[in-house]
Amino acid sequence: MPQILDQLKQKVLLCDGAHGTLLQQRKFDVKADFLGLENCYDILNQTRPDIITDIHRDYLMAGADCIETDTFSANKIVLADFNIVDKVYELNLTAAKLTRKIADEFSTDQNPRFVIGSMGPGTKLPSLDQVTYDELVDSYAEQARGLLDGQVDLLLLETHQDLLTLKAAVWGCHIAKQERQSNTPIFAQVTLESTGTTLVGSDMHCVITSLSALPIDGIGLNCGLGPAEMSEHVKNLSAHWSGFISVMPNAGLPILVDGQTTYPLQPEEFTRWQQRFVNEFGANLIGGCCGTTPKHIAALRVMLDGRKTQQPVARHIISESAVSSLFNSVTLRQENAVFAIGERANANGSKKFRALLCAEDFDSMAAIAKAQTKEGACALDICTAYVGRNEQADMTKFIALLRGQVTLPLVIDSTNVEVIANSLKLLGGKSIINSINFEDGEEKALAIINLAKQFGAAVIGLTIDENGMAKTLRDKIKIAKRLYDFAVTQHQLPASDLLIDHLTFTICTGTDDDREHAITTLEAIKQLSQLLPECQILLGLSNVSFGLTPVARRVLNSVVLHHAQQNGLNAAIMHASKIMPLHKIPDDQLHAAENLIFNRREDNADPLLHFINLLKGQTDTDVKKTALTKIEDVLKQHIIDGNKQNLKQDLDIALKQYSPADVINQILLDGMKTVGEYFGGGQMQLPFVLQSAETMKAAVKYLEPLMTTHTAQSKGTMVLATVKSDVHDIGKNLVDIILSNNGYTVINIGIKQSVQQIIDAAKKHNADVIGMSGLLVNSTIIMKENLEEMQRQQIHIPVILGGAALTRDYVEKDCQQVLGDKNKVYYAKDAFAGLQLMDEIL
């Protein structure tokens, strides 16, 4: 076991505090210190090792057991913005050696000091299509090579906001570790927003489900929140994650005092919170993030040394088998129900889905998938394999579309290993692979198991071997045991992540050989649920009724499912809305269905023929969900759901009653208003907002040619930019979409824009308003400096400021004073607040 993990088992280790906070307090020469690469702090490892070493020394003297390398942004994605990609390995190696040297100076046999390799999130999110999984793997592998060669003790993936980034980062680290035959542990830390989710919308349960399936040693939280706001999430992590826990909060939430960013939590209060995390929640590694200083670390040292026992607190773990999307986690063991996998988004099983696939109507395909969410599915089976088509291209396109539209976990259904791999590269959650079997031996099954371990996925195992599909009870149990031995015993897939499908066959052919398939399947379910209680027992339900009318299939499927559940079934691939509880099935139909299932003859009558005749001519009389009838409601729902299917047809209907401008202003904008309310209330995640905005954009694009010059006239122009030294643009781009969809002209000039570039663009386009965005705390200072320069140049255009680090108090007190007019500087909490301000200003 690596020494640092051995130490973490014996005592709580203390990490250092913020580096950026201390570095930003110093004055640097752009040319001499940054080599002309302003704010490229990673370069300081080479140009100013004295300063970096001083910071490390201060934290070690304060009592830190671990110090982090100054390599937070030293990856290919970030350094590409500075045109120094070729220096990734060199910078990480230099930083690791520098940190190792000072750590070794303080290290003793009794109190070893450890070096942690810092690996930040970069500036692009794969779940929002800004970068690919493979690009991130390559980036993190190269960074890890430098850190490992510099002899770090632990690789820390910190401040991450996209689970797909973390999957790529972990795999990149794995590649580098394999190359160097290293057993260096990996910790993964996420950053949560005040809403309780990551930036892309993953809640803590989702984070735990997805990350616990990866080959990592610790999970933690850092940045974004102070310890008070982080407490609930640390408690959640403590209860549901069995590995090591790290907690590194900010020193409270930032406030701005006299134009300077300040973190208000003093060492004493900060320590009280961390003491709770250690003593109540069993934290193993503690430290600080933004705003913390050597004084905070010194106070934590005193607290840890004063504990009665140095050992971490034992935790009682609540173990739950689960899978997840990027947004939500769903337990595989549903209370009083099966884990229902929707079957309709399958080109092999659904004629409608297949027709849409052939027509390349991916929006309508997505609508089928989304409909199953409302019908009670827990996950969605996705299969685009169809003869004559490119399965890989279809699957990639469909999943890329679907991942931002549904909150359910996805089941990747393919026999092609490459298709499975490329699909998983798009998904941040813990998916399910459908499937493995032994039809061609074990080589292909091993390739798929390895993908499951790489991407953190569950696996469906089919009872098929070299002799074909198992039809007898003996064969079903034999192959199921072989699946368990292969996946779990030999290749360490968690038993709870193996879903065994016994492959039921139709009992509706009338041939004697098929009459007892249901009996065999039900008995296999019963026996296997007792033999392998940790595994999930799955059934492809609809196969049992193949050949019957839709009404008859619904009755038979419902009765089979009931008996399967009684025997221990806990998951099924099925059409959830077509399942009826037994009390809603007429007694004569229920009795006839059970006779068919158990091959029982009454009065020497054929149970199949009796069942068919009993339901002959019957139609499905279940009450359908009331559809929206008013066109205004229909269009509004298009926007709220982000649904483009039949959008043009519904717009044409509305145009019979309304002018194009009225459709936009009275109907569509009302939908966007609801989206804004949902977003502001935390009821809708960012990707879904973007989907709604794209639907709005499509509607406006369709209506614009029908509008007169007068009605199509712009309501005003905003020049929009992310300020100098800030590369974050998600929020800025959302503002662009929202304003553009609401009649405004937006001149989006991009990221890292200087004040002069902003001013020049405003003059060129005769802007009515300037919008400045930025995620970094330092960006708030730059915004104020920009306003000062605008005042010097007598630019009197109203300015709207937005960004995560901004506060209303700072804008309305500090920034408004710069221009001396409260009607010239405004604070927008989010894109929808920006829209409201534009309406007020213009």
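## Cysteines and disulfides

Counting as a disulfide any pair of cysteine sulfur atoms within 2.5 Å, the total here is zero. Cys15 is in no disulfide, and the nearest cysteine sulfur, that of Cys66, is 5.4 Å away. For background, a disulfide is a covalent bond between the sulfur atoms of two cysteines.

Cys15 has a relative accessible area of 0%, so it is buried. Cys508, at 11% relative accessibility, counts as buried too.

## About the model

Please keep in mind that this is a predicted model, where local features need pLDDT of at least 70, side-chain atom pairs count only at pLDDT 80 or more, and totals for chains, interfaces and linings use all residues. Residues are numbered from 1 along each chain as its sequence is written, and side-chain values use heavy atoms, with hydrogens and water left out.

## Two residues in loops

Helices (H or I, at least four residues) and strands (E, at least two) are DSSP runs, numbered from the N terminus. Gly17 sits in the loop between strand S1 (13–14) and helix H2 (20–23). With 6% relative accessibility, Gly17 is classed as buried. What does Gly17 touch, not counting residues up to four places away in sequence? Taking contact to mean heavy atoms within 4.5 Å, the partners are Tyr59, Gly288, Thr292 and Ile297. Gly17 and Pro294 are 277 residues apart in sequence, yet their C-alpha atoms are 6.7 Å apart in space.

Asp217 belongs to the loop between helix H9 (204–212) and strand S6 (218–222). Its relative accessible area is 27%, so Asp217 is partly exposed. Beyond residues up to four places away in sequence, Asp217 touches Leu5, Pro185, Ile186, Phe187, Trp241, Gly243 and Phe244. From Asp217 to Thr184, 33 residues apart in sequence, the C-alpha to C-alpha distance is 9.8 Å.

## Helices H14 and H15

How do H14 and H15 lie relative to each other, oblique or parallel? The axes of helix H14 (residues 362–374) and helix H15 (residues 391–402) come within 10 Å and cross at roughly 60 degrees. Here axes are lines fitted to C-alpha atoms, for helices over the stretch in contact, and angles run from 0 to 180 degrees between N-to-C directions. Angles under 35 degrees count as roughly parallel, over 145 as roughly antiparallel, 65 to 115 as roughly perpendicular and the rest as oblique, so H14 and H15 are oblique to each other.

On the H14 side, Phe362, Asp363, Met365, Ala366 and Ala369 take part, meeting Asp394, Lys397, Phe398, Leu401 and Leu402 of H15. Sorted by class, this contact of H14 with H15 has seven nonpolar, no polar and three charged residues. In that scheme Ala, Val, Leu, Ile, Met, Phe, Trp, Tyr, Cys and Pro count as nonpolar, Asp, Glu, Lys and Arg as charged, and the others, Gly among them, as polar.

Leu522 is placed in helix H19 (residues 517–531). At 5% relative accessibility, Leu522 is buried. Setting aside neighbours within four places in sequence, Leu522 is in contact with Val560, His563, Ala564, Asn567, Ile597 and Phe598.

Leu503 lies in the loop between strand S20 (498–501) and H19. Its phi is near 60 degrees, a positive value in a residue other than glycine. Leu503 counts as buried at 11% relative accessibility.

## Helix H23 and what follows

In helix H23 (residues 631–641), the buried residues are Ile631, Val634, Leu635, His638, Ile639 and Ile640. H23 packs against helix H25 (residues 660–680) at an angle of about 45 degrees, with the axes 8 Å apart. That makes the two helices oblique, and H23 passes H25 in a right-handed crossing. By class, the contact of H23 with H25 has nine nonpolar, two polar and three charged residues.

Just after H23, Gly642 takes a positive phi of about 65 degrees. Asn646, in the loop between H23 and helix H24 (647–655), has a positive phi of about 60 degrees although it is not a glycine. At 41% relative accessibility, Asn646 is partly exposed.

Conventions: Buried means under 20% relative accessible area, exposed over 50%, partly exposed in between (1.4 Å probe, protein chains only). A crossing is left-handed if the near helix is turned anticlockwise from the far one by less than a right angle, and right-handed if clockwise.
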